[in-house]
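Hello,

Here is the structure we talked about handing over.

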Amino acid sequence: MHSAATPRPQPHRACAACGAAGSTVCHHQRFIVPDGYPLPNEYKVVVCHRCGFVYADPAATQLDYDRFYCQWSKYDDSATATGSGVSPFDATRLAVTAADIARALPSRAASILDAGCATGGLLTALRDQGFSGVAGLDPSPRCAAACRDRGFEAYVGSIATAPAHMPKFDCVVFSHVLEHVYDIPAFFTAARRLLAPGGYLYLETPDATRYDDYLYAPFQEFNTEHINHFSGRALENTARRFGFQPIVVEQKVMQTAEDTLYPAVFGLFRDTGGAADDHPVLCDQELPTTIAAYIRHSAEQMERINRDLVAQLANTARVMIWGAGQFAMKLLALPCLAQTQVSAVVDSNPVLRGKTLGGAPIIGPQEIAGTHEPIIIATLLHADEIKAQIRGLGLSNPVISLPLESQPEARSNVRSSVHLGESRS
């Protein structure tokens, strides 16, 4: 899956951080996607020659991504999706984000829009911080309805299709949104339309400089949805390009599950009226280096998984896959599964039910009673829990777990560096 760096002609996208077109390919990512999936089944990951930003270059448009989040949203279900605040770890993560926003904004009287609000977990955390004028915006009608059920004003749409009657806000929050956006210039233009004069953007994304420090599954951040890979410097370059002055840019580490940590970078940026900041573009030399290490270690891990499956699938004609998520889409692209028939893919996500993945029907766990073929568990973190679930269904199928790497914490470098932008005064 890993390819050597080569010059690449005719990009689909210019660099989001600086606008330059020149780039070098550092990786080619392939997926096996469900039928009718709006997003491409492959893309190149590239490094900008000018500023070092790393991003995917899929053959797609922003409309494809808007359609995906409207029709294929995995954030509708409060019980299983992040962003709801239902699980203790998700609630803590959102509380920390709300506290970061409260610390950076000048007043609790500020009106705040959470764009990409899912089912309202962050809105609840902001209300707990003392903000009363909070509202949500989400492409999924079900997510917006869930926010209204929590007592919040909520609108259906993306920032590009936001209802015309929406008010202006003192701050618009994009928490783990920017990594999903194809058309970055249009994003900032649309975001500005939602802001009151002199308003703020709060931007938070995964921290791509630390992907390799928290590598739980190979190429976990090179998925169909995450197409922009920000460092603190890249986030600052991007905001300045579109006339947003950095107030604060920081790193943090979030605990997203009992055994999972996740690095993030965030910042608060003040609207200066649309004129590009005259601050020079700063070349990010760290990001390409850390991404190269992430690609190398991911490729090694994926090759070990392929070898392990080759050995375990010897003389096996048919298997089932448990899980239809991002890792399963990569797993199905491995050479070892090209020689084995996948009879079904098991997943609890109702959005996927009735579709096919790699030619195999996607079915619910209750539908595999009476089957006997081996089940490959398409996750590296929770195999024991899934195996227990399989046995709890009364199934005696052989279960194939994937080789688990050493825990990322053992080699992580948990940094807490802080970059302060220009003061609010």
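Buried here means under 20% relative accessible area, exposed means over 50%, and partly exposed is in between (1.4 Å probe, protein chains only). This is a predicted model, so local features need pLDDT of at least 70 and side-chain atom pairs count only at pLDDT 80 or more, while totals for chains, interfaces and linings use all residues. Residues are numbered from 1 along each chain as its sequence is written, and side-chain values use heavy atoms, with hydrogens and water left out.

With a salt bridge taken as a side-chain nitrogen of Lys or Arg within 4 Å of a carboxyl oxygen of Asp or Glu, the structure holds nine of them. One of these joins Asp271 to Arg192, at 2.9 Å from N to O. Asp271 sits in strand S12 (residues 260-271) and Arg192 in helix H5 (residues 184-193), so this pair ties together parts 79 residues apart in sequence. Helices (H or I, at least four residues) and strands (E, at least two) are DSSP runs, numbered from the N terminus. Asp271 is buried, with a relative accessible area of 9%.

Next, Glu373 and Arg318 meet in a salt bridge of 3.2 Å, N to O. Glu373 is in the loop between strands S16 (360-363) and S17 (375-377), and Arg318 is in strand S13 (residues 318-322), so parts 55 residues apart in sequence are tied together. Glu373 is buried at 14% relative accessible area, whereas Arg318 is partly exposed at 38%.

Finally, a network of salt bridges links Asp100, Arg103, Glu204, Glu250 and Lys252. Both Glu204 and Lys252 are buried.

Best wishes
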